[in-house]
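Here is a short briefing for a student who is meeting this structure for the first time. Please keep the sequence and the model side by side while reading.

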Amino acid sequence: MAFIRRRRLERELYSKERFSLLLLNLEEYYFEQHTANHIINKDCKDERKFRGSLKICSKSIIFEPDDNIQPIIKIPLRDCISIKAPEDNEANNPFTRNTSGGISVVCSQVFLIKERNVIAPYKTVRGRTEHLFQLDVAGKVGDVVQTLHQLYRASCLDKMGDQAAMITAILQSRLARTSFDKNRFQSISETLHMECKAEMVTPLVTNPGHVCVTDANLYFQPLNGYPKPVVQITLQNVRRIYKRRHGLMPLGLEVFCTENDLCSDIYLKFYNYQDRDEVYFLIATYIENHIAEHTAESYMLQWQRGHISNYQYLLHLNNLADRSCNDLSQYPVFPWIIADYSSSVLDLTKPETFRDLSKPVGALNKERLDRLVTRYQEMPEPKFMYGSHYSSPGYVLFYLVRVAPEYMLCLQNGKFDHADRMFNSIAETWKNCLDGATDFKELIPEFYENDSSFLVNSLKLDLGKRQGGKMVEDVELPPWASGPDDFLQKSQEALESPYVSEHLHEWIDIIFGYKQKGSEAVAAHNVFHPLTYEGGVDLNSIMDPNEKVALLTQILEFGQTPKQLFTTPHPRRIIPKLKSLSRTSSHSISIAESPVSPNEESFEDLTEESITLAWNNIAKLKLDKQYKIHKEAITGIAVTCNGSSVFTTSQDSTLKMFSKESKTIQRSVSFSNMALSSCLILPGDTTVISSSWDNHIYFYSIAFGRQQDILMGHDDAVSKICWRDGRLYSASWDSTVKVWHCVPGETLSNKKHHFELLAELEHDVSVNTIDLNAANTILASGTKEGTISVWDVSTATVLHQLPCHSGTVLHSGFSPDSRHLLSTGEDCCFKVIDVQTGMLISSVTAEEPQRCFKWDGNTILSGSQSGELLIWDILGGKVIERIKGHTGAVMSMWMNEQCNSVITGGEDKQIMFWKLQY
């Protein structure tokens, strides 16, 4: 639980100090502190003196006594009547030397905080009071009084914008007079790359200071030295870095030294985007060599294939959408999943147990929705359906008040909410989200984590008394939960259940996807106030500082819609029906599977397991034999069912038949003087088909050892052919893919094949490669201009068309489950497309073009331009193994059904036989 872990860590580090930045008002700065005595009832019999620390802040004076029994005193500057030091003649009077270094503050109101070190609503003392603070360093009095007068004038300005402008000027002046202390470097050999001003962001507060980037570390030195003199991040430990939108401006930067943690190691807000971008560039340049950058699409592929859980995927999407646990106005948002909070047993097999994930919370109750839609239709522009958001600082702290009470007090000016409006019951909260006129909130990640302390009042906070006299204590749980830990456990099980896995993409469409904005959002009843959306307002275009401050305050308190990550429908998750081996079992999640006992396992199941085993060990591929059998590059490989004969085509215009047993060429056929581009063997091992650059397709009878037929079907070179269920698919540089129905010659009296053109799939440019899915219903084609087209074979219509590559598409192939299409191009990139939605969901860049490949949906075996065989983890976007192979490009690749035997053909005119050695 990131939010709570961070709070506990802070308490452990600074347990002796009761002061925190949360005692400040929102948008207030802490400038400096001085050791001092607070003198009460000076010159009276009951005069008392308390030693402590005087904090000078932009809107208040705070005194923290060393004695924890005494309350922290907070004096708002706007409530001050006078701030002065003793007159010079009084200061020189020997009878008043005890007041040397004294500052007198007369005010009309003061707040008492954390008396007896108890977290509770602030006590307000109204009426004229005088406070005398005697500084240890008397020489500082003049400067402190001058600063307080300056800040007092700012706090007395009528308009908030004018106040903010004056305080900002004071802050920038202080920052300009200071710089980063280079003595804080970890090593004297460090090289400074840049230094600039910035603010460290934590929930509800920011702390100004100086940022420094060296060749080894990122440093932040707070202007006030709080909570410690310098924060240091070792660049070698950085795992992720994100540019952030903070206060609606592109000025934030968040750095993580962990892979999956929600809470970052530092969040910085810069004063201009140039500084932010330069720091980002310096850190990203340092880490780019050993850390793969993850996109929403790459995480999507991992999620679809079950390599990360629903919870992990939502965390990653929140991160990529600018949601951060350091920014409560953009806190990570998670969905309500369970809709049943009354049953004694939670049944995760019943759909009615779950919330409808295809609708926003505001649309779950039809009666309420009808009222909201009517109001929306009658509303002038700009229209919105919901007057409040599903995520805001108030909602986050509503859930977390029991573990983060100081944040609630900071947000609500020293008060807790009314007891009846607190987070009292899971069921009550869910009911209010369904029925309440203005309550549309979703949940936060903590509901699906392992720390249940936010449900328990372990701090024994006095959160008030409800109507009926009951005190606010622990959160009331549903009957099906035996306790807080059990509630979280069952919530996790619900989030990872088959129902949610099948429907989570619908909620993603609403929160992060194509139903977030525009006409799709209107149709989905998912329209919030325009100011909550990224780009909804340009703060730089607003000249009036008062209007700008008011607008920013309104938006930050109201909540913000996540950055839109997807503009097309999000693909569904792949739910496996049979248990399969996983290479990432250590961090894979448990997905419900069809119960299959060992005695019921079919031959197909065992074959599937052997294939999975082979791919798990694909890095153990070893070269068995190699033969130089052609005079030019080998373009195609086909193998008979029994594996005894290997047919190859080449740019030397020949089709050759190689015997594995005798290790000799048994046939060599030349159909024309033009290069052959690919080959395949028809079922029954009687006929080989070869495609040629001479625009023809040749049929060769193995039994009779002669050319059997010619199909003259194209106007330019034939680049690739496929055969399925009596149909021939041919791709050509004439910009077409043609589908032929072929009746074998043996069944006809003339011994010739009969060809019937069933469909012609037209393209704008030359087609270089094609592939069919396992069901023979979808065809993918790749062109010389880098476009991938996905076709419905039965209707000969384009389902999706994407400009995937810059340059020729060299090869494409469906995953075994046909859910994804992988392609590789001259641009050195692998691209993965979700077949159902047509969304490009992953892009991985190689050092050189990968000419051909085989893959199982997770791992790729590719043949490179330089001749190496590379094994890729496509989910992680990295090379697992490099295997030395050909001396020129790997032009073609064949793999047997069990995936444990591979043959490659190269530009070096050789074929190589590879075997897995477990």
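The side chains of D734 and H714 are joined by a polar contact of 3.0 Å, where a polar contact is a pair of N or O atoms within 3.5 Å, of which, within protein, one must be able to donate a hydrogen and the other to accept it, while residues adjacent in sequence count only if both atoms are side-chain atoms. The model is predicted, and local features need pLDDT of at least 70, side-chain atom pairs count only at pLDDT 80 or more, and totals for chains, interfaces and linings use all residues. Residues are numbered from 1 along each chain as its sequence is written, and side-chain values use heavy atoms, with hydrogens and water left out.

**Around D734**

- D734 lies in the loop between β25 and β26 (736-743); helices (H or I, at least four residues) and strands (E, at least two) are DSSP runs, numbered from the N terminus.
- With a relative accessible area of 17%, D734 is buried, a word that means under 20% relative accessible area, whereas exposed means over 50% and partly exposed lies in between (1.4 Å probe, protein chains only).
- Not counting residues up to four places away in sequence, D734 touches H714, D715 and D716, contact meaning heavy atoms within 4.5 Å.
- The side chain of D734 also reaches the backbone nitrogen of D715, at 3.0 Å.

**The sheet β24 to β27**

- An open sheet is formed by 4 strands in the order β24-β25-β26-β27, with antiparallel pairing; two strands pair if DSSP finds at least two bridges between them.
- At the edges stand β24 (718-724) and β27 (754-762), each of which pairs on one side only.
- Strand β24 and strand β25 (residues 727-732) run antiparallel and are joined by 6 bridges, and V718 stands opposite S732 in β25.

**The sheet β28 to β31**

- Another open sheet has 4 strands in the order β28-β29-β30-β31, and the pairing is antiparallel.
- Because β28 (767-772) and β31 (797-803) each have a single partner strand, one side of each is left without a neighbour in the sheet.
- Strand β29 (residues 778-783) pairs with strand β30 (residues 787-792) in the antiparallel sense over 5 bridges, and the bridge partner of A780 is V790 in β30.

**Helix α8**

- Helix α8 (residues 366-378) has 13 residues and reaches 18 Å from its first C-alpha to its last, close to the 18 Å expected at 1.5 Å a residue, the expected span being 1.5 Å times one less than the number of residues.
- Its buried residues are R368, L369, L372, V373 and Y376; seen down the axis of α8, these fall within an arc of 135 degrees, so they line one face of the helix, the arc being that of the directions from the helix axis to the C-beta atoms.
- Exposed residues E367, R371, Q377 and E378 are carried by the face of α8 turned away from its buried side.
- Among what covers the buried residues of α8 are α11 (426-435) and α14 (518-523).
- At the start of α8, a side-chain oxygen of N365 comes to within 3.0 Å of the backbone nitrogen of E367.

**Around Q109**

- Q109 is found in strand β6 (residues 102-113) and is buried, with a relative accessible area of 14%.
- The side chain of Q109 makes polar contacts with the side chain of D79 at 2.9 Å and with the side chain of R126 at 3.3 Å.
- Leaving aside neighbours within four places in sequence, the residues in contact with Q109 include I75, P76, T124, V125 and G127.
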